[in-house]
Amino acid sequence: MRRALELAKRAQAEGEVPVGAVVVLEEKILGEGWNRPIAAADPTAHAEIQAMRAAAASTKNYRLTGATLYVTLEPCEMCVGAMFHARIARVVYGATDPKKPGLKSQLKIEGGVMAEECGAILSAFFAARR
């Protein structure tokens, strides 16, 4: 967490929200990141995402099975979803986010549009891989 705090200070120095993150496996840092959505003009450039991208690049594997992600602020839903897909085993965070927004309260979500066609392409893809 100490390294994540150093990275949070880097984000702050760059005018970003001060959040830092590191991905660790077997006591070795695989990747690190700090908030960069403003500098990168990328709404997904949260510290956790940056750290997971760096870890995936260093291991040449998008699956970070068994890794722990340390982050200075409670992760948002986007980051938790990415952690799930990356197979992160454990998340340790510092500060709780009292203003953490819920996705359903901020987005209009509509499903089922061309559901048959969308499902068919996915089913065909996975059937071909088996």
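**Briefing: strand β1 and its surroundings**

V23 stands opposite L69 in β3. This pairing belongs to a predicted model, in which β1 and strand β3 (residues 68–73) are antiparallel partners over 4 bridges.

- L25 has K28 in β2 as its bridge partner.
- Between the two strands of this hairpin there are 2 residues, and E26 takes a positive phi near 50°.

**The nonpolar cores**

- In soluble globular proteins, nonpolar side chains tend to be buried together.
- The largest nonpolar core in this model has 17 residues, and those touching the most other members are A21, V23, M52, L64, L69, M83 and I88.
- At least two residues of this core come from each of β1, α3 (47–59), β3 and α4 (77–86).
- Helix α3 gives the largest share of this core, with 5 residues.
- Leaving aside residues up to four places away in sequence, M52 is in contact with V23, L64, L69, C79, A82, M83, A86 and I88.
- Another core, of 5 residues, lies apart from the largest one, and its members include L7, V22, V24 and W34.

- A67 is located in the loop between α3 and β3.
- The relative accessibility of A67 is 0%, so this residue counts as buried.
- Beyond residues up to four places away in sequence, A67 touches V23, V24, L25, I88, A89 and R90.
- Although 40 residues separate A67 and E27 in sequence, their C-alpha atoms are 9.5 Å apart in space.

**The aromatic pair**

- The whole structure contains 1 aromatic pair.
- F125 and F126 form this pair, with ring centres 5.0 Å apart and 80° between the planes, an edge-to-face arrangement.
- F125 has 41% relative accessibility and therefore counts as partly exposed.
- F126 has a relative accessible area of 40%, so F126 is partly exposed.

Note on methods: Residues numbered from 1 in each chain as written. Predicted model: local features only at pLDDT ≥ 70, side-chain atom pairs only at ≥ 80, totals over all residues. Heavy atoms only, no water. Pairing = 2+ DSSP bridges. Core = buried A, V, L, I, M, F, W, Y, C linked by side-chain atoms within 4.5 Å. Buried < 20%, exposed > 50% of the residue type's maximum accessible area, 1.4 Å probe, protein only. Contact = heavy atoms within 4.5 Å. Phe/Tyr/Trp six-rings, centres within 6.5 Å; stacked < 30°, edge-to-face > 60°.
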